[in-house]
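Let's read a protein model together, one feature at a time. Keep the viewer open while we talk.

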Amino acid sequence: MTDTARTARAGVPERPTLDGLEETWARRWQEDGTYAFDRAEATVPDRGAASDAPNRNGRRADVFSIDTPPPTVSGELHMGHVFSYTHTDTVARFQRMRGRTVFYPMGWDDNGLPTERRVQNVYGVRCDPTLPYDPDWQPPAAPVDEAARKDPTPISRRNFVELCGTLTADDEKIFEALWRRLGLSVDWSLTYTTIGRAARATSQRAFLRNLARGEAYQAEAPTLWDVGFATAVAQAELEDRERPGAYHRLRFAGPGGREVLIDTTRPELLPACVALVCHPDDERYRDLVGSSVRTPVFGVEVPVRAHPLADPAKGTGIAMVCTFGDLTDVTWWRELALDTRVVVGRDGRLLPEPPAGVPAEPYAALAGQTVNGARRTLVGLLGDAGDLVGDPRPITHPVKFYERGDRPLEIVSTRQWYLRNGGRDTGLRAELLARGGELRWVPEHMKHRYDHWVGGLTGDWLVSRQRFFGVPVPVWYRLDGTGEPDLSHPLTPDEAMLPVDPSSEPPPGYDESRRGRPGGFAGDPDVLDTWATSSLTPQIVGGWETDPELFRQVFPMDLRPQGQEIIRTWLFATIVRAHLEHGVLPWRDAVLSGWILDPDRKKMSKSKGNVTTPMALLEQYGSDAVRYWAASGRPGMDLAFDPAQIKVGRRLATKLLNASRFALGLGAADALRAPYDNSSSARLTPRRDLELSATEPLDTAMLAELSGVVAAATAAFDGYDHTAALQVAEAFFWRFCDDYIELVKERAYGTGPGADSARAALATALSVQLRLFAPVLPFATEEVWSWWRYGSVHRATWPTTHEVGRAIQGDGDPELLRLAGNALSQVRRAKSERKLSMRAEVPLAEALGPAALLDRLTLVADDLRAAGRIDKLDLLPGRTPELVVACAF
């Protein structure tokens with residue numbers, strides 16, 4: 001912290017307003033370094049036993065580090081982002097006020113397929129890696145029209161990557177402006193990008209170490225392939241979408257002229273058929289197992305095999321195995337050691353030549369067609385041959401898609417890089433499940449999703465992608481005398497060379513003139529999956545291998561906040577990388593967000609077109625109001641987008657300004673005449689010797705209740721329940737405004753011990769409540785704090801029950817404030833029913849109720865008479881079972 005601690009108080013404005021606070025305080029916080037991570041503070045010795053004690057991860061306990069989700073910058077931020085990032089910010093602010101040195105970075109996830117698609121759509125270009133780099137090329141004015149998108153201009157890989165970088169840099173500025181407007185207390189000097197130099201070097205370093213340990217490997221295997229993006233995708237990136245289809249019943253020729261019928265939704269894969277499969281216990285087909293049948297149209301002989309995954313109740317009970325129609329086909333192919341007949345190419349069209357063993361003549365009608373076109377053609381051929389039984393039966397069924405794609409996935413055979421993740425290693429799977437058990441899950445039931453995902457893995461993590469704007473796979477291959485690459489012995493760089501781009505840099509010992517030549521080298525053309533980089537965010541921002549001191553301070557990190565839908569990708573992948581590289585969890589706690597729902601209770605998503613962008617709401621209602629709405633949703637719980645709730649938040653923030661101004665006008669500021677010692681420490685130290693104390697029963701009652709509020713709010717924040725913390729603080733605040741201030745204001749205007757007590761109670765209550773609200777309403781609380789205190793409320797200490805108790809002389813009865821408030825509300829109601837002003841005099845009021853209750857009411861009778869303008873108050877015990885106040889006018 002800088003000179004903020006010595007900044008003069010601003011004074012109380014005549015008409016406080018929320019308008020303009022965001023610009024004012026965002027600028028001041030940046031100028032003063034209010035949220036800067038102070039490395040020196042994190043390592044200062046003799047900070048006290050509590051802060052110097054190492055935590056269970058072996059790291060100093062005075063640092064609280066957050067692995068902030070880097071939002072994808074290939075679109076717009078929406079209310080879902082505001083929702084979850086506000087939650088994390090409340091944690092950061094709370095921990096900072098608790099005395100922790102908070103490490104709170106921000107990142108931008110700017111590499112990968114979404115960015116490429118956005119660049120293609122905005123500029124109407126496509127990457128052609130065969131083209132040379134053109135340093136003078138200029139992109140067209142954006143956005144381009146639909147015709148340009150349909151017929152994109154080819155540009156070199158380097159030009160395309162540069163264009164991706166330019167667009168994402170512009171997007172990141174917009175994102176940062178919105179986050180600053182929202183009041184996120186990140187240290188902007190710690191910002192990183194997943195395509196930046198540090199991220200590329202970290203990602204490549206981790207990959208090379210995985211490779212050296214045998215955890216990364218290459219394999220030729222069936223691969224989930226997105227035709228639109230022209231790249232492989234991983235199991236974790238799949239989603240099922242309901243699509244219309246049709247069952248076609250095909251007639252196979254069995255032994256002895258037996259007819260064998262199968263149902264399929266993909267007749268176009270008939271030339272890729274390698275077997276029929278039935279369940280081992282299915283009596284209908286048991287005699288066929290071990291024999292062979294012939295495919296219709298092509299007449300290819302294929303075996304009949306048994307496998308427990310075959311479902312006797314599905315279709316005819318016997319299935320056609322093709323290479324490859326779906327993931328079950330892959331399982332059957334692998335476990336039954338079947339032949340391979342691939343017919344679909346990477347472009348989504350049937351290959352020009354038939355696979356081995358398939359006759360060329362009938363296949364020629366299918367060659368080069370799209371999958372849908374080939375389906376129509378083959379259905380016609382089946383009909384002509386009399387091997388299509390009945391008409392196709394329409395169905396709706398789940399189809400595998402890449403989560404960001406718009407065309408069904410195909411499965412093609414390609415050579416890819418994989419990273420071991422337990423999918424084929426039961427020992428590693430058990431270790432990763434155990435890691436999940438070590439993690440603190442908020443809410444706890446989210447752990448089930450992790451366990452379910454890890455337990456259901458069917459293969460290792462496919463980490464290579466056939467794209468351009470990403471972290472290059474950092475290997476080269478020697479070319480033999482015929483120009484063929486030696487894929488089994490890749491050339492790797494020294495870590496000191498990182499980051500490298502094999503497509504434009506030669507490997508050690510070679511020069512660029514030998515690229516692509518026999519006896520020379522070739523660079524790996526692929527890039528790493530974006531999750532292969534994002535899974536290293538703790539290492540990237542923590543300075544792994546580049547800043548050892550910082551890494552020791554912040555890793556393993558304390559908190560990973562994230563969406564529940566990416567447990568299987570970001571959370572799991574980060575655990576995999578930390579487990580393999582460091583042998584630890586990457587963080588102690590994981591807090592999962594719920595979803596934002598539209599007014600129809602449907603999940604908001606860009607694909608559905610029902611998202612709401614936040615900037616207009618921030619400008620209309622103010623950031624504190626929007627943050628209040630966001631804080632109304634607990635971790636893991638869905639929250640409906642509700643403008644009415646945002647209005648409630650604005651009302652609360654406005655009331656905080658006005659009530660604070662009123663309380664300060666009663667003399668609260670003078671009750672703490674010199675509240676802080678600003679002589680040395682950046683964190684402000686209270687001067688207890690100059691504080692006044694609350695002595696009157698109503699004042700001590702209010703503070704006693706506030707002490708309970710502090711305890712409840714602190715416990716809630718410790719449990720990542722910002723909603724409960726806000727609720728308990730808000731409920732007390734309205735009682736403080738509506739009851740306590742009204743009851744005490746006449747006394748506070750006066751002089752003497754009673755007035756001093758009131759002002760001391762007001763000062764303590766205002767100071768404490770501002771700090772309780774500070775994590776959720778940072779702008780309004782900072783504004784009020786500046787009127788009468790020094791420094792920033794966000795660098796002030798979090799309130800404690802001890803602090804509140806020290807302001808009380810004697811014991812306080814928290815129920816006394818409720819009793820007095822109840823009595824006052826009855827007086828007000830009596831005036832309202834008679835349509836009298838609240839300032840109207842009450843000649844006589846009679847309080848009826850149990851004797852013990854009225855004895856307690858006597859303690860606050862003077863304040864009640866003053867607030868209610870009661871001339872005479874009679875206490876009549878034993879008349880009613882509960883308090884009744886009757887007024888005579």
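Predicted model: local features only at pLDDT ≥ 70, side-chain atom pairs only at ≥ 80, totals over all residues.

Q: How many helices and strands does the protein chain have?
A: Helices (H or I, at least four residues) and strands (E, at least two) are DSSP runs, numbered from the N terminus. Here the protein chain has 29 helices and 31 strands. Its C-alpha trace spans about 110 × 65 × 55 Å along the principal axes.

Q: What share of the residues in the protein chain is buried?
A: Buried means under 20% relative accessible area, exposed over 50%, and partly exposed in between (1.4 Å probe, protein chains only). Of the 889 residues in the protein chain, 55% are buried.

Q: What share of the contacts joins residues 24 or more positions apart?
A: Contact means heavy atoms within 4.5 Å. Among contacts in the protein chain with a separation of 6 or more, residues 24 or more positions apart account for 77%.

Q: Let's zoom in on a strand. Which strands pair with β24?
A: Two strands pair if DSSP finds at least two bridges between them. Strand β17 (residues 440–442) pairs with β24 in the parallel sense over three bridges; there, tryptophan 441 stands opposite alanine 590 of β24. Strand β23 (residues 557–563) also runs parallel to β24, joined to it by six bridges, and glycine 563 has serine 593 in β24 as its bridge partner.

Q: Is β24 enclosed or open to the outside?
A: It is largely enclosed by the rest of the structure, because six of the seven residues of β24 are buried.

Q: Where does aspartate 589 lie, and what does it touch?
A: Aspartate 589 lies in strand β24 (residues 587–593). With a relative accessibility of 0%, aspartate 589 counts as buried. Leaving out residues up to four places away in sequence, aspartate 589 touches Leu439, Arg440, Asp558, Leu559, Arg560 and Tyr720.

Q: Which side chain makes a polar contact with that of aspartate 589?
A: A polar contact is a pair of N or O atoms within 3.5 Å; within protein, one must be able to donate a hydrogen and the other to accept it, and residues adjacent in sequence count only if both atoms are side-chain atoms. For aspartate 589, the partner is the side chain of arginine 588, at 2.9 Å.

Q: Is threonine 130 buried or exposed?
A: Threonine 130 counts as exposed, at 69% relative accessibility. Its place is in the loop between β4 (125–127) and α6 (146–150). The side chains of threonine 130 and aspartate 128 are joined by a polar contact of 2.6 Å. The C-alpha atoms of threonine 130 and serine 156 are 6.9 Å apart, although the two residues are 26 residues apart along the chain.

Q: How do I read a pair of helices?
A: Two packed helices are described by the angle between their axes and the distance between the axes. Axes are lines fitted to C-alpha atoms, for helices over the stretch in contact, and angles run from 0 to 180 degrees between N-to-C directions. Helix α13 (residues 447–455) and helix α17 (residues 567–582) have axes that come within 10 Å and cross at roughly 80°. Angles under 35 degrees count as roughly parallel, over 145 as roughly antiparallel, 65 to 115 as roughly perpendicular and the rest as oblique. Therefore α13 and α17 are roughly perpendicular to each other.

Q: Which residues meet where α13 and α17 pack?
A: Arg449, Tyr450, Trp453 and Val454 in α13 meet Ile567, Arg568, Leu571, Phe572 and Ile575 in α17. By class, this contact has seven nonpolar, no polar and two charged residues. Ala, Val, Leu, Ile, Met, Phe, Trp, Tyr, Cys and Pro count as nonpolar, Asp, Glu, Lys and Arg as charged, and the others, Gly among them, as polar.

Q: At what angle do α23 and α29 pack?
A: Helix α23 (residues 722–748) and α29 pack at about 95°, with their axes 8 Å apart. By class, their contact has four nonpolar, no polar and four charged residues.

How values were computed
Residues numbered from 1 in each chain as written. Heavy atoms only, no water.
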